Amino acid sequence: MSSETTPQKDVTEGQLASSQGHICPFCTVARENGFNIVWEDNDFVAFEDRDPAAAHHLLVTPKRHLSSVKSLRRSDVDMLRKLEEIGHLVLDQRNVPTHLRRHVIFAYRCTPLGFHIPPFSSVNHLHLHVQALPYKSVTRRMKYFISNGCFGKEKGFGWFVEIEQSIRILEKGCRIGVLPC
Ligand SMILES: [Zn+2]
Ligand SMILES: [Zn+2]
């Protein structure tokens, strides 16, 4: 479903995915490598997505290689909170108002900040998508569709998980996946 599974079409991460796993592009985020870095410290880096799907679209990654949200445990919650904090910090830098950082999907309130879940991710180095509304099109938005959970689940079936959902799932001691969790 997601174009992230077809790297040729994904300008954002395609260059990276085409390395076929020999080199992890997000382990070597640097200006010399063509990344537009907007924020950085010893442990994390934030840069512009090369093919923005929304009015603002950035990625925040831990510098340490972590494959994806599927590998996360409860002990990673603090790291996720840090990613979220940096995400809002870079949106602050761009003076993005709060109402453009929130949206409602079928009456479910969430933020346009989250992760793709393998196999729907082209770069298997954990990266938080940080976006501000509006999306450029409905099709672009579908790639970041957030699925509300029910019957005690935090998340329904879906290829994208919002940051707050991710934290709640891990805090319950569960793991994140495409199926409801
Ligand atoms: Zn990596
Ligand atoms: Zn992604």
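1. Terms and source. Helices (H or I, at least four residues) and strands (E, at least two) are DSSP runs, numbered from the N terminus. Phenylalanine 151, for instance, sits in the loop between helix H3 (138-142) and E8. This is a predicted model, in which local features need pLDDT of at least 70, side-chain atom pairs count only at pLDDT 80 or more, and totals for chains, interfaces and linings use all residues. Residues are numbered from 1 along each chain as its sequence is written, while chains are lettered from A and ligands numbered from 1 in the order in which they are written.

2. Confidence. pLDDT is the predictor's confidence in each residue, from 0 to 100. The chain has a mean pLDDT of 88. A value of 70 or more is reached by 87% of its residues. Residues 1-21 stay under 50. Where pLDDT is low, the predicted coordinates should not be read in detail.

3. Overall layout. The chain holds 4 helices and 8 strands. Along the sequence, their pattern is α-β-β-β-α-β-β-β-β-α-β-α. Two residues are in contact if their C-beta atoms, placed from the backbone, lie within 7 Å. Of the contacts with a separation of 6 or more, 63% join residues 24 or more positions apart.

4. Burial. A residue is buried if 20 or more other C-beta atoms lie within 10 Å of its own, exposed if 12 or fewer, and partly exposed in between; C-beta atoms are placed from the backbone. By that count, buried residues are 35% of the 181 in the chain.

5. The core. A nonpolar core is a set of buried Ala, Val, Leu, Ile, Met, Phe, Trp, Tyr and Cys residues joined through C-beta atoms within 7 Å. The largest one has 35 residues, and Ala46, Val60, Leu128 and Val130 have the most contacts inside it. Elements giving two or more residues to this core include strand E2 (44-48), strand E3 (54-62), strand E7 (128-135) and helix H2 (77-93). H2 supplies the largest share, 5 residues. Take alanine 46: leaving aside neighbours within four places in sequence, its contacts are Val38, Trp39, Leu58, Leu59, Val60, Ile86 and Val90.

6. Helix H2. The expected span of a helix is 1.5 Å times one less than its number of residues. H2 has 17 residues and should span 24 Å; its end C-alpha atoms are 24 Å apart, which agrees. Its buried residues are Leu80, Leu83, Glu84, Ile86, Gly87, Val90 and Leu91. Seen down the axis of H2, these fall within an arc of 160°, so they line one face of the helix. The arc is that of the directions from the helix axis to the C-beta atoms. An α-helix has 3.6 residues a turn, so residues three or four places apart point the same way. On the other side of H2, Asp78, Glu85 and Asp92 are exposed. The buried residues pack against strand E1 (37-40), E2, E3, E6, E7 and H4.

7. Helix H4. Which residues of H4 are buried? They are Ile163, Gln165, Ser166, Ile169 and Leu170. Down the axis of H4, they fall within an arc of 155°, so they too line one face of the helix. H2, E6, E7 and E8 are among what covers them. After H4 comes glycine 173, with a positive phi near 85°.

8. UniProt, in an unreviewed entry, places the feature "active site" at His127. UniProt positions are given in the numbering used here, feature names are shortened, and annotations may be inferred rather than shown by experiment. Histidine 127 lies in the loop between E6 and E7. Is this histidine buried or exposed? Histidine 127 is buried, because 27 other C-beta atoms lie within 10 Å. Not counting residues up to four places away in sequence, histidine 127 touches Phe26, Leu59, Val60 and Thr61.

9. Backbone points to check. Most residues other than glycine have a negative phi, and most peptide bonds are trans. Asparagine 95 has a positive phi of about 55° although it is not a glycine. That residue follows H2 and is exposed, with 6 other C-beta atoms within 10 Å. Phenylalanine 151 also has a positive phi, near 50°. Phenylalanine 151 is exposed, with 6 other C-beta atoms within 10 Å. The peptide bond from proline 118 to proline 119 is cis, with omega near 10°. Another cis bond joins leucine 133 and proline 134, where omega is about 0°. Proline 119 lies in the loop between E6 and E7, whereas proline 134 is in strand E7.
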